[in-house]
Amino acid sequence: NIVFIMTDDQDRRLGSTDYQSVLQRELVAKGTEFTNHYTNQALCCPSRSTLLRGQTVHNTNLTNVVQPGGSYNKWVLSGQDQNYLPHWLSAAGYRTEYIGKIMNGYGISNYDTVVKGWNWTDDSLTYTDTYRCIFFKLDANLCCSGETPVFYEGFHQSDVIRIKSLDRLDYLTNQSQPFFLAITPFTPHVGYQQNKPSHRPIPLKRHLELFPDAKAPRTPNFNPSDEYQLTKGGWVKDLLSMNTSAVNFADFVFRSRVQALAGIDEIVEDVVAKLEEKGVINNTYIIYTSDNGYHLGQHRTPAGKSLFYNEDTNIPLVVRGPNVPANTTSNIPGLHLDLAPTFLDIAGVPSSSWPVFFDGRSLLPQWNDPSSASSAGNASGQGNSKESINIEYWGNAGIEAPSATALGSPFVNTTYKTIRMLGEQQSWVYTKWCSGDVELYDTANDPYELTNLVDSANATHTQVINRLNALLMVTKSCEQNACRDPWSLLKPNNETVISLTQALASEYDDFFADFEKVTFETCLSVQSVANEGPYF
């Protein structure tokens with residue numbers, strides 16, 4: 001069995017999971033925590049599309065949370081809802097059920113568009129209805145009975161989802177077939193009160209007094225000086241230093257976030273207890289993650305997501321289950337687009353029967369052996385190419401704070417392409433913005449991504465930039481094995497390289513220096529083939 005719990009906008013880098021005592025006790029201590037798990041795009045709808053389809057965002061083409069880039073309607077109109085995770089698991093003999101948020105744009109206007117593939121869904125309706133934590137609408141088994149939305153007045157959404165999840169587990173654990181149950185609450189996404197955004201999540205009333213001293217972590221990149229900020233790219237470089245009011249609000253939001261996550265901890269506690277009560281805990285994988293991360297003051301961005309920095313893209317992933325070592329931490333990299341192949345691997349589906357369009361690979365080998373880099377291949381024997389991770393963004397981006405309008409939010413010059421290196425010998429992040437700005441960070445020595453090295457006039461940095469530009473040229477439009485192993489497409493001097501360390505050999509300097517550069521014609525809100533050429 002597989003129980004998949006995914007929160008909304010939960011950070012890893014700011015330490016929110018440290019406040020979840022049940023998560024620490026029941027999953028981290030009894031499973032493995034993967035500290036280098038990333039999303040392909042730090043935004044709800046695009047990230048969820050990669051998870052459900054096993055593809056990068058540039059291949060699902062759900063590039064934002066609203067039209068024209070994305071939304072549930074685009075997911076349906078593109079036909080992707082007819083060929084994604086629940087269909088594949090059902091074919092493998094699983095009963096599939098889903099409780100919570102499926103995708104942005106699924107709401108009052110289109111709730112009668114059935115969420116396809118699942119044997120049972122209890123899907124929340126989005127925008128103000130999804131994020132109103134006290135007054136909460138949920139479809140009552142919409143896929144199977146066509147009922148209209150139910151209005152749970154006076155109930156917090158975390159409690160509604162917890163109660164419904166336990167009810168479904170009572171049913172699922174009495175069936176003969178294995179099950180996949182997705183539990184996807186909205187916490188700690190910002191909530192709504194009286195149909196207006198509150199700019200913070202709304203905790204359950206019984207948790208409002210928790211963690212009174214919690215504050216946004218004062219990381220080295222929290223509200224940095226001009227020395228660092230003015231070297232940034234895109235809209236970030238123009239942000240003013242946060243004043244006392246903005247800093248205090250960041251503290252308030254952080255405290256609200258960890259208070260709200262106490263409701264998620266109760267979901268974890270009751271789900272684990274139910275699986276133990278039913279005698280299936282030892283035959284069940286429990287996966288805990290988020291769709292994307294979050295920042296609070298890092299690089300002067302008061303609150304939000306959408307950036308390529310670690311706070312937004314590096315997300316929690318904890319796994320407990322059969323053959324998963326207990327009380328273990330692993331830095332083997334992975335992506336959300338790897339989860340669909342992983343679930344098929346768990347279901348016993350041979351890789352030869354997986355969808356041919358998969359860009360991801362199974363993470364099951366590394367879940368079973370998280371201490372070994374060689375375990376990062378998948379069931380088909382492919383090696384570890386996750387030294388390189390492609391991150392991308394299109395469409396408007398905003399600040400989720402009262403100061404948003406004054407700071408110019410929402411921003412339009414937001415599109416970028418990023419390659420992040422997570423090798424044991426080389427660790428870098430390289431970004432090209434649609435505005436032409438470029439950022440380069442040596443994250444092995446600068447983990448908070450403060451010092452942009454792109455103009456350092458250092459020969460080594462020039463070598464690195466040329467290699468990462470070539471790799472980004474491959475990954476920005478990759479599909480299938482080109483995404484899993486982009487180095488295999490680059491043959492400097494007709495030779496094979498498998499890592500950045502090898503590619504940095506001086507005899508390859510001319511090859512990489514002559515490579516076409518990643519460029520944009522202009523800043524568009526959607527993905528456009530004509531706008532983003534040339535291509536590898």
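**View 1. Helix 8 and helix 10 are roughly parallel to each other (angles under 35 degrees count as roughly parallel).** In this predicted model, the axes of helix 8 (residues 157–172) and helix 10 (residues 244–277) come within 10 Å and cross at roughly 10°, where axes are lines fitted to C-alpha atoms, for helices over the stretch in contact, and angles run from 0 to 180 degrees between N-to-C directions. Helices here are DSSP runs (H or I, at least four residues), numbered from the N terminus. Among the residues in contact (heavy atoms within 4.5 Å) are Ile-161, Leu-166 and Leu-169 of helix 8, together with Ile-264, Ile-267 and Val-271 of helix 10.

**View 2. Asp-437 and Lys-237 form a salt bridge.** Their closest N and O atoms are 2.8 Å apart, a salt bridge being a side-chain nitrogen of Lys or Arg within 4 Å of a carboxyl oxygen of Asp or Glu. Across the interface of domain 1 and domain 2, the rule finds two salt bridges.

**Notes.** Residues are numbered from 1 along each chain as its sequence is written, and side-chain values use heavy atoms, with hydrogens and water left out. Because the model is predicted, local features need pLDDT of at least 70 and side-chain atom pairs count only at pLDDT 80 or more, whereas totals for chains, interfaces and linings use all residues.

How values were computed:
Helix = DSSP H or I, 4+ residues; strand = E, 2+ residues; numbered from the N terminus. Parallel < 35°, antiparallel > 145°, perpendicular 65-115°, else oblique.
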